[in-house]
Structure formats: structure tokens, C-alpha cells
Amino acid sequence: MNTNINPLKSTLCIIFALITLTSCNNTSTEKTVTSEAKKNVNQDIPVYDFNEFEPLIYTKSDKTYLVNFWAMWCAPCVKELPYIEEFAVKYPDVEVILVSLDFPKDIETKLKPFLKKKNITQKVVLLDDADANAWIDKIDPNWSGAIPFTIMFNKNKRLFYERSFENLEDLENQIKKLN
């Protein structure tokens, strides 16, 4: 009889046991995992040109969207981000997309640290398309190009805001106009 234990087999048994034990935890752990996953949402920030980005601003579903164009260097944008974050937490059925107009080269060194410092957990994408005159008009011909700029929409209606939101109530009042 061979009494040598295979180290790989032992390791796999231990891992299996740990997985089994941790999967029996209560729901408070699940909330922690969910909130940890939420904190890691911006680990990979996709960079789009306008053609890749454009499908994100249209829907045929019943879902409501809030798409906010912003940049780290824009003081009014930064000021309203906590309100948008608070709104997204309070209304999880609304899809929130934060469209950064910062430079792609700054994603790792500036944008991700900024999002972490400001506790921004909503989905961030970066729009990198030099032909702003073309894509701004495609989004809204009345948009001057100034940020912050927000689109609220569902399959029936689109609202455009070339201004910052002053608080959570301001956002709530505007999104109600979609109904």
C-alpha cells in the first residue's frame, strides 16, 4: 500500500473544502461581495470612438437610461458626480453611464485613481473621437459641446441637459419627465 499523498490532490481537496465552506455563508457576505464587485466595476474602462459608442445612447427596451458626459478637469462635472452616484444607488433600474471625455493615456494614472477617490462605482466609458463637431450634432444639434451634458431617455422620449444638476432631487425631478 502506497502511503505517499499526492501534493496536488491535497491542495485541490483543501481548495474544494474552502469553496464549499465559503458558499454556505449568510446573505451579509453576499452583500459584501456585491459591493466589492461594484467597487471594481471601473477596473476596465472601455475606450470608444463615436461609431462604437453611439449604440449606447439608443434603446428599444423599456429601460430608462441616464448618460452623463463629463471630464475630471470640469469643476461642475465633478461637483455633480456624487448626485449621479446617489441617484444610481437609489434607482438601480435606471442604467447610468458616465462618459468621460478625458484622454485615454490618463486612464490608469489619473482617471481610475480619481474614480476610486471619489467613490464612483457607476459604469464609466471613455469617448475618444477627435471629430467632436460631427458627433456632438449627432447626439443633439442644440448641444454647444459644453459639459456637463446629460441625456435621459427611454424608448419613447429623450431629454437633454446642458447644465449640471444641483442635487439628487434635481435629477429625480428631471427623470420623472420621461413618464
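Author: Phenylalanine 69 has a relative accessibility of 0% and therefore counts as buried (buried means under 20% relative accessible area, exposed over 50% and partly exposed in between, with a 1.4 Å probe and protein chains only). Phenylalanine 69 and phenylalanine 149 form a tilted aromatic pair, 6.1 Å centre to centre with 55° between the planes. Rings of Phe, Tyr and Trp (its six-membered ring) pair if their centres lie within 6.5 Å; planes under 30 degrees apart count as stacked, over 60 as edge-to-face and the rest as tilted. Because phenylalanine 69 lies in strand 2 and phenylalanine 149 in strand 5 (residues 149–153), the pair ties together parts that are 80 residues apart in sequence. Helices (H or I, at least four residues) and strands (E, at least two) are DSSP runs, numbered from the N terminus. Phenylalanine 149 is buried as well, with a relative accessible area of 1%.

The model is a predicted one, in which local features need pLDDT of at least 70 and side-chain atom pairs count only at pLDDT 80 or more, while totals for chains, interfaces and linings use all residues. Residues are numbered from 1 along each chain as its sequence is written, and side-chain values use heavy atoms, with hydrogens and water left out.

By the pairing rule, the count comes to 13 aromatic pairs. In one of them, the rings of phenylalanine 53 and phenylalanine 69 have their centres 5.8 Å apart and their planes at 75°, so this pair is edge-to-face. The pair links distant parts of the chain, 16 residues apart: phenylalanine 53 belongs to helix 3 (residues 50–53) and phenylalanine 69 to strand 2 (residues 64–70). Phenylalanine 53, at 0% relative accessibility, counts as buried. One aromatic cluster is formed by Phe50, Phe53, Phe69, Trp135, Trp143, Phe149 and Phe160.

A charged side chain also meets a ring: arginine 158 lies over the face of phenylalanine 153, 4.7 Å from the ring centre. The criterion is that NZ of Lys or CZ of Arg is within 6 Å of the ring centre and within 35 degrees of the ring normal.

There remains a residue of helix 7, glutamine 174. Glutamine 174 has a relative accessible area of 10% and is buried. Apart from neighbours within four places in sequence, glutamine 174 is in contact with Met152, Leu159, Tyr161, Arg163 and Phe165, where contact means heavy atoms within 4.5 Å.
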